[in-house]
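Here are my notes on the model you sent. Please keep the structure open while you read them.

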Amino acid sequence: MRNRPVAISALALTVSCVHHVSGFSLGPTPSSKPSIRHMSAVNEATPTTPFSSGRSREDIEVELSHGRVLDNGPVVDFGSVKDATSRAELALAQARVDYLAVMDARSKDATKIGFTPHEGIDVKQTRLMGINDEVVATVGREVGVSLTDAEVQRCATYLRSTAPAGTFEPLPSGDASHHHADARTESFTDTATLQSEIDTMLALSYEESGLVTEAFAKTFYLGTQLMSESSRMAIWAVYVWCRRTDEIVDAPRAPDDIDMLTDLSAWEIRLEKLFSHGTVEDMLDLALLDSIIKCPDLSIQPFLDMVRGMLMDIPDLGQDRYETFDELHLYCYRVAGTVGLMSMPIFGCADGFGVEEATEPALSLGVAFQITNILRDVGEDAVERGRIYLPRNDMEKFGVTEEQIFAQKLDDNYVAFMKHQISRARMYYERAKRGVPMLSPESRLAVQSSLDCYGGILQKIEENGYDNLTKRAYVSKWEKLALIPFSWYRTQDIAKTFPLPGDDD
């Protein structure tokens, strides 16, 4: 399951169908549009006995002890759960120490080693972090080369100057990465000309983000066209950050390439400085900086937690087996629940609701989608990747073995086991649905549709006789289209008085 940011893609999986039946134009955004800036969007330790693939039993227990895990209780926000003694955390922390030491010795920007353009250097060495041969081939051209470094920094300086007081902290004096002008040290006099320059540069950043999004997630990209322009562009910015993170972790590396953990450390440092100081390193960062300013409730925590989720999938550092659902729940939060938290401030809340109230449903949405993904891909994950995400204690309870899964043997025990897993997944869907009325009105149909259609995969597994070992469950385009009127109805006030059959159970 390499494409981890499933919640974003699932969220818009059916929006393109909504788009189709609503008659909205799928063409490019007209060039005559308001100024982009005037839109509002809404310690050292030795690892203990190894367990599974790199993580010890003790590592896992320590992580889980940081939060309450209740299978039938509220969804737990695992934000800030970070076990500094786990093998993955130790490896990443050591990579960070080594990286910063080297950069300090070289007196270079700690977030640009190997990626700073220099005349005469091959283009592959000048690509942005997370932009590799696969990305360039998929997009069809080089990415992130439309603006010079000076233009990127000028735009970022202006954006910081427009942020409300207290949004960003000044960089510490002597910081090796303090290569940009602080928003308070540069004045802008020719306002009209400057606004035109900033709008052009920012538009290019969002355009590049849109191109990457469209190339890797065509259905998702079409679905974003139904959103308001500001929300659409902010979602692109978030998707591109997730995509680049995934590429840093998973992309093939040549022997002379920078080590993955070193790259990931640099990437995390960049993220921290972006949120705390508003600093950027390339033109794609500009879109995320702009989105952070426009969406003040957008927190760094889910971004950091997603990095931890990706570490959980790394061979010899992470996990390829999960003993309990509590462990799997943590994984689901990190790779998908986090996306719900990233998206929520962009979609916005309805009057009378705030981020605190909408957090549980947002987390449930991501967890529901990821569990569905896991149940859909049981056979594929086992046969092609040697991974089993299903909780081992549940398997033992129902008499299901790993050998059976690898042999793709369906029996009564496995059917009962799947019924239990599907029931749990539906519990999360119900929690997520409670959050739809908490969203701004223009965001409800997209979320409700994605819940109804992606949740339909569970019904398909049932219709396939619970055989997700040799069969892949999916909802066809026409089935998605047929569900849209029901999704729309569920977002209306009348549905509270006259619910659809089954909705009042």
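1. C332 is buried, at a relative accessible area of 0%. C453 is buried too, at 2%. Buried means under 20% relative accessible area, exposed means over 50%, and partly exposed lies in between (1.4 Å probe, protein chains only).

2. On ground rules: residues are numbered from 1 along each chain as its sequence is written. The model is predicted, with local features needing pLDDT of at least 70 and side-chain atom pairs pLDDT 80 or more, while totals for chains, interfaces and linings use all residues; side-chain values use heavy atoms, without hydrogens and water.

3. The protein chain holds 21 helices and two strands. These are DSSP runs numbered from the N terminus: helices are H or I of at least four residues, strands E of at least two.

4. Of the chain's 505 residues, 56% count as buried.

5. Check the backbone at Q408. Its phi is positive, about 55°, and it is not a glycine. Most residues other than glycine have a negative phi. Q408 sits in the loop between α17 (402–406) and α18 (412–433). It is partly exposed, with a relative accessible area of 33%.

6. Y466 also has a positive phi, near 65°, in a residue other than glycine. Its loop runs between α19 (441–463) and α20 (477–490). Is Y466 buried or exposed? Y466 is buried, with a relative accessible area of 14%.
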